[in-house]
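This report describes the fold elements, their packing and the ligand surroundings of the structure shown below.

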Amino acid sequence: MSKPKILIQIDPDAHASVFDAVVAVDSGVDHLLQYHGVEPTQVRDLVHGAIFTRGPADLKQTAIFIGGQNVDAGEDLLRCVTDSFFGPMRVSVLLDANGANTTAAAAVIAAARHLDLRGSKTLVLAATGPVGKRAARLLARQGAHVRVGSRSADRSKTLRNQLLEQVPDAEIEAVQTATGHEVTAALDGVQLVIAAGAAGFELLDGPTRVAAESLQVAIDLNAVPPLGIAGVEVMDKGQERDGMICYGAIGVGGTKMKLHKAAVQKLFESNDQVIDAEEAFAIGQTLE
Ligand SMILES: NC(=O)c1ccc[n+]([C@@H]2O[C@H](COP(=O)([O-])OP(=O)(O)OC[C@H]3O[C@@H](n4cnc5c(N)ncnc54)[C@H](OP(=O)(O)O)[C@@H]3O)[C@@H](O)[C@H]2O)c1
C-alpha cells in the first residue's frame, strides 16, 4: 500500500498562505505540513526532514510547495531546496509564489488557443512584475517576438537583458509604455497583448485597443477596477469584442486554478520534478 501524500508548504511570509493550503487540500494531499517565515538558511534542515524519512521508493509520496507573496524570496528558497538534494535523495518541488507561475502559464495557454505563438508579435504591458516577466519568458520560449513594456525605459531594458540571458535566441524588444502614444506605438503590428499590471491600474484605454488593427487577442490579468484593459470584462474567457478575442482576470483565473491543482497532483508522480513556470506551462497544455 502506498504511503499517504505529504505536501510540505514552505512560505517566507509571516503566515503560510491560506490560499495555497486550500488548493493543496483540494488537490488531494493527505497531509499538509506548513512552515512560515522560512529563511534560506533553514531550508536544508526542512529538506533533510523530507528526504531522510521515507525509503527511496516512497519519496514520491512526499513533495514540497514553495508559495507566499514574495516571488524573489520564493526563488531563493527554491534554489536552497534543490541545492539540498543529492543523488536519488530528493522530492519533487513546485514554485508558485504569488501564483505568478500558474497565472503567467494560464495567460499564455489562453493566447495559444487562438494564435500560433511561434513568429507572432506580442506585447506584455507592465512586464516587469513577477507575472509579466514569466509571461514574457514563456512567450519567448514559444518562439514569439516579445515586446516588454514598462513605464520606465530602464526597467524594460533591464528586463530584456535578463530574458535574453534566460532565452538567448529570443526576440525581445524593450519598449517604454508610460504614455498613450507610447502604448499605441508598442501595439504596432502586435497580435497579442497581455496586461500584467498591478491591481487597479488601467494600462490600455478603449480607443487605443480598438484602433490597434493587428490586435487579435487581448488578455488582462488585473481583476481590480479600474481593469488593465478598458473594454475587456473581468469574466471574459474567449469573448469576442471589437473584432478581437478577450480574456479578463477571472476568465484566465479558472485555467490558473485547474493548473495549480494539476501541478500539485503531478508532484506525486515521481520524486525528481522541479516545477517552475515552463513546467507549469507544459502541465497546463496537457489540460487543454
Ligand atoms: N488571476 C490570478 O490568479 C492572479 C494571480 C496573481 C496575480 N494576478 C494579477 O496579475 C497582475 C500582475 O501581478 P504582479 O504580482 O506581477 O503585479 P505587480 O508586481 O504588483 O505589478 C506589475 C507591474 O505593474 C506596474 N505598475 C505598478 N504600479 C503601477 C501603476 N500605478 N500604474 C501602472 N503600472 C503600474 C509595474 O511595472 P512598471 O513600473 O515597470 O511600469 C509593475 O512591475 C496583478 O494585477 C495581479 O493582481 C492575478
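## Seven-stranded sheet

An open sheet of 7 strands runs in the order β7-β6-β5-β8-β9-β11-β10, and its pairing is mixed. The model is predicted: local features need pLDDT of at least 70, side-chain atom pairs count only at pLDDT 80 or more, and totals for chains, interfaces and linings use all residues. Residues are numbered from 1 along each chain as its sequence is written. Strands (E, at least two residues) and helices (H or I, at least four) are DSSP runs numbered from the N terminus, and two strands pair if DSSP finds at least two bridges between them.

The edges of this sheet are β7 (171-176) and β10 (237-241); each has a single partner strand, so one side of each is left without a neighbour in the sheet. Direction ignored, neighbouring strands are turned by 20° against each other on average. Angles are taken between N-to-C directions and run from 0 to 180 degrees, with axes fitted as lines to C-alpha atoms, for helices over the stretch in contact. Strand β6 (residues 145-150) runs parallel to β7 and is joined to β7 by 6 bridges. Contact between two residues requires their C-beta atoms, placed from the backbone, to lie within 7 Å.

## Five-stranded sheet

Another open sheet has 5 strands in the order β2-β1-β3-β4-β12, with parallel pairing. Its edge strands are β2 (31-35) and β12 (274-275), each with a single partner strand, so one side of each is left without a neighbour in the sheet. Strand β1 (residues 6-10) pairs with strand β3 (residues 62-66) in the parallel sense over 5 bridges, and the bridge partner of Ile6 in β3 is Thr62.

Helix α3 (residues 71-83) packs on this sheet, touching β1, β3, β4 (92-95) and β12. The direction of α3 makes about 170° with that of β4. α9 also packs on the sheet and touches β1, β3, β4 and β12, at about 160° to the direction of β4.

## Helix pair α1 and α9

Helix α1 (residues 18-26) packs against helix α9 (residues 249-267) at an angle of about 65°, and their axes are 9 Å apart. The crossing is right-handed, meaning that the near helix is turned clockwise from the far one by less than a right angle.

Val23, Ala24 and Asp26 of α1 make the contact with His260, Lys261 and Val264 of α9. By class, the contact has 3 nonpolar, 1 polar and 2 charged residues. In this classification Ala, Val, Leu, Ile, Met, Phe, Trp, Tyr, Cys and Pro count as nonpolar, Asp, Glu, Lys and Arg as charged, and the others, Gly among them, as polar.

## Domains and ligand shell

The domain assignment gives domain 1 (6-95) and domain 2 (103-252), with bounds from an automatic or database assignment. The C-alpha centres of the two domains lie 32 Å apart.

Around the ligand are 24 residues, of which Ala126, Gly129, Val131, Ser150 and Ala198 come nearest; a residue is near if its C-beta atom, placed from the backbone, lies within 6 Å. By class, this shell has 10 nonpolar, 11 polar and 3 charged residues. α5 (130-141) and α9 each supply at least two shell residues, and the largest share, 4 residues, comes from α9.

## Backbone details

The peptide bond from Pro225 to Pro226 is cis, with omega near -10°. Pro226 is placed in the loop between β9 and β10.

Asn98 has phi near 60°, a positive value in a residue other than glycine. The place of Asn98 is the loop between β4 and α4.
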